[in-house]
Amino acid sequence: MNYDFHSIGVNTFGRTSGRIKTFCPECHENRKNKRDKSLSVDIDRGLCHCHYCGYTVNLAHVKANEERKRRQTEATSPHPHEAAHFVRPVYDADRVSALSPRTTRWLVEQRCIPQETLTRMRISEAQEWMPQTGATANCICFPYFENDRLINIKYRDGAKNFKLVTGAELIPYNIDGILATPEAIVVEGEFDALSFVAMGRTDVVSAPAGASANLAWLDRFAGSHFADKRCIYLAVDNDPKGIVLRDALLQRFGPERCRIVHFGPGCKDANEHLVRYGISSLRIALEQAQELPITGVYTADDLQDELRRLFENGLKRGAETGWPTFDKICTFELRRLVVMSGIPGDGKSEFTDELVLRLCLRHDWQIAFFSPENMPISYHYNKLAEKLTGLKFARDTPGMTETLYQGVQRFLTKNVVHILPSERHTVDAILQKAHALVVRRGIRILVIDPLSRIEHQRPEGLTETQYLSELLNRLSTFAMQNDCLVILIAHPRKMERHPTTQRRLVPEMYDISGSAEFFNKADYGIIVERDQQVNVVRIHVQKVKYKHLGTPGVVPLMYNMANGRYATCEECTDASVPVEQRIRNAQFDTDCWLPKEEEPDLFAECE
């Protein structure tokens, strides 16, 4: 339901739904802090409450009372449609010039156009033959001037028939009124234009063809009269034809400098609003014209619900994995890009497999893999099954029963899918399939393993750095638009060896082959290092973009050859300690991770 907040002096800043904070009409003028928006407004329910003075209004009740009073007035008044809650123009017989007293009285008393406005706009009347009736009728004459030269005249008779001078040029009504003005108001009819002139806004024009999407008349004036406008108010009729005209004007002028004027319930146009509510209310309607959102541009007001949640609850840590030491320095959030790297053979894919399984099990984030190196796909499912059950994936393994096998297959079918385009393995093909899986299956994690297996299509004239920067932008955009966590595995350049130990140096994000953009564009940067000398895998978290999600650090893990899982442990970095004693307190996990779903007896073997 639409509520008239204008009538109680509440400025909704063009918003037509939702909840906002605005100025209280009761206490704002007396407040020292003029910037304090103390009035909470529920636009949809018509509720207002001031947190400073306690002023409270329920417009639903106000509207009901007004409707009841209106019905009572109509039942007793000889002129039931005549509003009387504002000062109306008064007819003065001594000031009639080009209009007859009868026509002037009708314009002043019925259409609420002051006589000085009629004189200023040179409104007159004449006897004119009307083609609609085939007869001569008394008509109001609206003169169309350009550079103060009469170009055309529109005639309107008492039956609302219109005609223009045959052969005369079709130009907007009052086009001189917007020449070199910073703003302009566009309306649909002459009476609407006169209503704004009566309010004091002479920078108003009326479309000459009414509610028509044919804007050929605009071509000649677009550069000379509209190009310099910083704001254009579209105050056309609130009906289907008016909306068609509004949309056509929006397309020509651009939404970034247009505002939509709403006239409230029961009012189709500006003149109806003037007749019903008066000049002051029409001025408020113009001031509260709706500012159209610009695609891709947001203000704090657009995000007020999110800001309120952050204000009330604060920034929360992201999704945890279940590795306690890892979760202390890194948690994950959807809509982010993770770049994973490490020397070939150090276990980037193995670590990523367990990472995404843990996120899936704890947070129900379904997974899509593009992993040509894990071929055939059944071999990859075999590895995932061993991580899930903690057992070798073979019938003759103790504990690996048919029932457990069925549970594994059901879990993997529900939560893990592989992308293998039949066409070329381009970024376009991969993201197209991934988007389809977002829509159909609701995937939340996309793993691309590795970048080198994508068939790159670098345009001519684009450097490798520029191309990779554009590719990373596409992956980040996909993550944002599809509410996903995208994990990209990329190989580093060939690393040098330590001069003493001859071990290859641990790569950094800037060492990833191709471009430093991998560090710059990633939300998370993780390096996997396997130190075979001490039998430890170190996870180097080199970048976490947002501090509430984590901080850079190093986590030691031990790889369990029996089931492919990574166990938390402690690492002593004291070189005087023997190598075989540097890894301590490894927490190996052999439990079955499959969730007990609707049929807990199905997973009895996991206990």
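Mentor: Buried means under 20% relative accessible area, exposed means over 50%, and partly exposed lies in between (1.4 Å probe, protein chains only). This is a predicted model: local features need pLDDT of at least 70, side-chain atom pairs count only at pLDDT 80 or more, and totals for chains, interfaces and linings use all residues. Residues are numbered from 1 along each chain as its sequence is written, and side-chain values use heavy atoms, with hydrogens and water left out.

Trainee: Is D237 buried or exposed?

Mentor: The relative accessibility of D237 is 8%. The cut-off for burial is under 20%, so D237 counts as buried.

Trainee: Which residue forms a salt bridge with D237?

Mentor: A salt bridge needs a side-chain nitrogen of Lys or Arg within 4 Å of a carboxyl oxygen of Asp or Glu. Side chains of opposite charge can pair when their charged atoms come close. For D237, the closest N and O atoms are 3.0 Å apart, and the partner is K268.

Trainee: How many residues apart are D237 and K268?

Mentor: Helices (H or I, at least four residues) and strands (E, at least two) are DSSP runs, numbered from the N terminus. D237 sits in the loop between β11 and α6, K268 in the loop between β12 (258-260) and α7 (270-277). The pair links distant parts of the chain, with a separation of 31 residues.

Trainee: Which residue forms a salt bridge with R230?

Mentor: The closest N and O atoms of this pair are 4.0 Å apart, and the partner is E183. R230 lies in the loop between α5 (222-226) and β11 (231-234), and E183 in strand β9 (residues 183-187), so the bridge ties together parts that are 47 residues apart. R230 counts as exposed at 59%.

Trainee: In which helix do E517 and K521 both lie?

Mentor: These two form a salt bridge, with closest N and O atoms 3.2 Å apart. They are 4 residues apart, about one turn of the helix. That helix covers residues 517-521 and is named α16.

Trainee: Why is strand β6 largely enclosed by the rest of the structure?

Mentor: The strand runs over residues 135-146. It is largely enclosed because, of its 12 residues, the number buried is 9.

Trainee: Over how many bridges do β6 and β7 pair?

Mentor: Two strands pair if DSSP finds at least two bridges between them. Strand β7 covers residues 149-157.

Trainee: Which residue in the turn between β5 and β6 has a positive phi?

Mentor: Strand β5 (residues 124-130) pairs with β6 in the antiparallel sense. They form a hairpin with 4 residues between them. The phi is about 70 degrees, and the residue is G134.

Trainee: With which side chain does that of E529 make a polar contact?

Mentor: A polar contact is a pair of N or O atoms within 3.5 Å; within protein, one must be able to donate a hydrogen and the other to accept it, and residues adjacent in sequence count only if both atoms are side-chain atoms. E529 lies in strand β19 (residues 524-531). E529 is buried at 6%. The two side chains come to 2.7 Å, and the partner is H540.
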